[in-house]
Amino acid sequence: MINKIKNSKLFAQILKFLVVGGIAFVIDYLTLIFCKEVLNFNVLLAAAIAFTISVIFNYILSIKWVFDVDSNKDERKNFIIFIVFSIIGLVLTEIIMWFGTDIMNISYLIVKIVATAIVMVFNFITRKLFLE
């Protein structure tokens, strides 16, 4: 019975994470396109700006709705942990974007989807381990 409750709670948490992540992805993706196509920013700069904006949105909803953040933990420490892993996610995104666009010569729009999927898995695992 306890395993069933834990599994259903984890499943609900994963669904919430996917909803928040999906919205964050739309924010990230549209900001990337705007920065690249309208503002004519370099693709790596555009990706960094888009990622940063989506991380702010993601942090707020992750803390408030997705994860059962340990209330005994210092909020500043949680924020720092979140930011550190987000920066690692940004570095992963940048490496994937660079490799996909500059080395493999694939459209940045396709590479962004791949990068997001990889970083999303990384984000869930690290936030689950370090925020709860």
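Which helix gives the most to the nonpolar patch? In this predicted model, the answer is H3, with six residues. The patch lies on the surface and has about 1000 Å² of accessible area together. Its members are Ile 87, Val 91, Ile 95, Trp 98, Phe 99, Ile 103, Met 104, Ile 106, Ile 110, Val 114 and Ile 118. Helix H3 spans 75–103 and helix H4 spans 108–131. Each of the two supplies at least two residues of the patch.

Trp 98, a member of the patch, lies in helix H3. Its relative accessibility is 39%, so Trp 98 counts as partly exposed. Phe 82 is also found in helix H3. Phe 82 has a relative accessible area of 1% and is therefore buried, because buried means under 20%.

The surroundings of Phe 82 were then listed. Leaving aside residues up to four places away in sequence, Phe 82 touches Val 55, Asn 58, Tyr 59, Ser 62, Arg 127 and Leu 131. Phe 82 and Phe 130 are 48 residues apart along the chain. Their C-alpha atoms are separated by 8.5 Å.

Tyr 59, a contact of Phe 82, also lines the largest pocket. About 170 Å³ of space lies in this pocket. Helix H2 (43–66) and H3 each supply at least two residues of the lining. The largest share comes from H2, with four residues.

Technical notes:
Residues numbered from 1 in each chain as written. Predicted model: local features only at pLDDT ≥ 70, side-chain atom pairs only at ≥ 80, totals over all residues. Heavy atoms only, no water. Patch = residues over 30% accessible without salt bridge, like charges linked within 9 Å, V, L, I, M, F, W, Y side chains within 5 Å. Areas by Shrake-Rupley, 256 points an atom, 1.4 Å probe, with all protein chains shown as cover. Salt bridge = Lys/Arg side-chain N within 4 Å of Asp/Glu carboxyl O. Buried < 20%, exposed > 50% of the residue type's maximum accessible area, 1.4 Å probe, protein only. Contact = heavy atoms within 4.5 Å. 1 Å grid on protein atoms, 1.4 Å probe; cavity = no way out; pocket = protein on both sides within 12 Å on 5 of 7 lines; lining within 4 Å. Points joined across faces, edges and corners; volume = space filled by probe spheres on them.
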